Amino acid sequence: MKIKAKLQLGLFFLFSVIVLLGGMGTYYLNQLQADSSKILKDNIESLEYVQGMEEILNTWSSVDTVKHKSFEVLLDKQAHNVTEVGELEATQNLRKAYFEFKKDSSETHFTKLNQTLFNIAELNQQGIVRKNDLALKTAENASNYLKMVAIVCMLLTFTFIVNFPSYIANPIKELTKGIQAITNKNYEQRLHFSSEDEFGELASAFNSMAEKLNEYEHSNLAKILFEKSRIEAIINNLNDAVIGLDEKNKILFVNIVAIKMLNVKSEDLIGKYAPDVALYNDLLRTLLNEKDQNKEIKIYADERESYFTKETLTVESNEKVLGKVILLKNITRFHELDEAKTNFIATISHELKTPISAIKMSLKLLENEKVGILNPEQSQLLENIKSDSQRLLNITGELLDLTQVESGKISLNLQAVAPQNIIEYATSAIQFQAQQQNIEIEIQLSDKLPQVQADAEKSAWILVNLLTNAIRYSPENSKIIVSAIRQNGTVVFSVQDFGKGIAQEYLEKIFDKYFQTPDSQKGTGLGLAIARQFIEAQNGQIWVESEIGKGSTFYFSLKG
């Protein structure tokens, strides 16, 4: 039998018990009510009639017709309420005695009439006693039957209450234990239910699952162990430091390179809570820090200073985070190559400035008519040479600025500077270039701007670079807005143009070295990268907002 059918049967049993007790109680209550009603209707009313007639006789007057009428009314009611054996004959005798007494109100007839009334009252009193005994008997029988049925129902219900929950709860308890055993990888666990209901089917399915899991565990255990040791071997042979953490930041594995760098024994790392270990290990504390992901980390390793970059990989499965892996890549070789490249560029740029300056001096002499008059073709050639030499000089200047930035030897002359002075210097420097394209430079300054702590020359250079780019990418007869406002203890400078704008996918790369958008005009891709380094060296920030077709706005902030 299915559990559903058993539940329905049990509930039907309880329902039947309630209906049985309720039905029997209702039946006997109706019986008692009927017996009581008979007493009230049949006997009490007759006694009332007899009493009424006795009271009339006690005050009888042969000439009082009202009393005669009242007596006769009560006599008629008694005649219609005959219920006891012999009461009909007594009532007929009463009627006969009344009419005799009415004709002759002698003592003899009065006594006979009273005796007849007494006989009717006696018959009804006996009826009341008999019916009361019957009602008591009915009540006693009802009480006995209800007690018997109640005791039987209580025993059956108690048995049902005690046994039925166990029938449901015990299999569930056994199933819970089985699931816990499976969770603890005890695949030998089995359920033994003899019933042929849903619990029996569940036990069969559970046992099949446990058997399959047991087979899978034993068939794949050796393979899993082999794969585990192979992965550990691969991780330990990596040249990069690798640290694995679970979702609760406990250390799962650490390769040999990471152990050497952390200078902590393996047993003091594996299984430990990483933030606790980081309390006494500066390097691990740095690695756990989510900020400064892209900054280089300088570590003294292998008896020399080495440079590393940190990369954190989040491990997910079905959108659930299982942990993360921290990779520490050794970039010392690249750092040395970059330093050599920087020194090379600095040397070449410095060496190029001298001949370029000499070329420009020669160009000025050639333009002087004292040296000789040039024909138009020669003048055009000189103009081209002059433009190219100026471009070479600008490139070498930017390369020198870049080497200064990359070497970390930025020379700053920090002093209090009025923001309007920086803007005036920069706008005057590019005014001629703007006029050639009929571009209006609009300056918007907030009232009472504070002075900023900055290198005036480098800050002006940054603003000139931004304005030059804005002019380059602005259409003719347009406008460029230069503004400065106070914001959270800083002064924010901005340069807004109304050109074609920059696509969203390029905004994050626009300040990278040598990066240029596909539609960019001539340039080295160094100006914005140098500007960012100059601003960050002054503890400021630089950023851009742009939308295709609506132009771009470059911002940088300096502390007041």
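Where is Tyr506 found? Tyr506 lies in the loop between strand E10 and helix H13 (527–537), in a predicted model where local features need pLDDT of at least 70, side-chain atom pairs count only at pLDDT 80 or more, and totals for chains, interfaces and linings use all residues. Residues are numbered from 1 along each chain as its sequence is written, and side-chain values use heavy atoms, with hydrogens and water left out. The protein has 13 helices and twelve strands, where helices (H or I, at least four residues) and strands (E, at least two) are DSSP runs numbered from the N terminus.

**Overall picture**

- Of the 560 residues of the protein, 34% count as buried, a class that means under 20% relative accessible area, with exposed meaning over 50% and partly exposed in between (1.4 Å probe, protein chains only).
- Among the contacts in the protein with a separation of 6 or more, 61% come from residues 24 or more positions apart, a contact being heavy atoms within 4.5 Å.

- With a relative accessible area of 24%, Tyr506 is partly exposed, and, leaving aside its neighbours within four places in sequence, Tyr506 is in contact with Phe515, Thr517 and Pro518.
- Gln516 is ten residues from Tyr506 along the chain, and the C-alpha atoms of these two residues are separated by 8.9 Å.
- Asn119 belongs to helix H4 (residues 107–183) and counts as partly exposed because its relative accessibility is 34%.
- Between the C-alpha atoms of Asn119 and Thr91, which are 28 residues apart along the chain, the separation is 9.2 Å.

**Helix H11**

- Helix H11 (residues 419–436) has 18 residues and reaches 26 Å from its first C-alpha to its last, close to the 26 Å expected at 1.5 Å a residue; the expected span of a helix is 1.5 Å times one less than its number of residues.
- At Ile430, H11 bends by about 45 degrees, the bend being the angle between axes fitted to the seven residues ending at a residue and the seven starting there.
- Ile430 is also one of the buried residues of H11, which are Pro419, Ile422, Ile423, Ala426, Thr427, Ile430 and Ala434.
- These buried residues pack against several elements, including strand E7 (440–445), helix H12 (456–472) and strand E9 (479–487).
- Just after H11, Asn438 takes a positive phi of about 55 degrees.

**Helix H12**

- Twelve of the 17 residues of H12 are buried, so this helix is largely enclosed by the rest of the structure; among them are Lys458, Asn465 and Ile471.
- The end C-alpha atoms of H12 are 24 Å apart, which agrees with the 24 Å that its 17 residues should span at 1.5 Å a residue.

**The cavity**

- The structure holds one cavity of 30 Å³ or more, where a cavity is a set of points, on a 1 Å grid over the protein atoms alone, at which a 1.4 Å probe fits but cannot get out, and lining residues have an atom within 4 Å of a point.
- The largest cavity has a volume of about 40 Å³, a volume being the space filled by probe spheres set on the grid points, which are joined across faces, edges and corners.
- Strand E1 (241–246), helix H6 (256–262), helix H8 (282–288) and strand E5 (320–330) each supply at least two residues of the lining of the largest cavity, and the largest share, three residues, comes from H6.
- By class, this lining has nine nonpolar, no polar and no charged residues, where Ala, Val, Leu, Ile, Met, Phe, Trp, Tyr, Cys and Pro count as nonpolar, Asp, Glu, Lys and Arg as charged, and the others, Gly among them, as polar.

Definitions and conventions. 1 Å grid on protein atoms, 1.4 Å probe; cavity = no way out; pocket = protein on both sides within 12 Å on 5 of 7 lines; lining within 4 Å.
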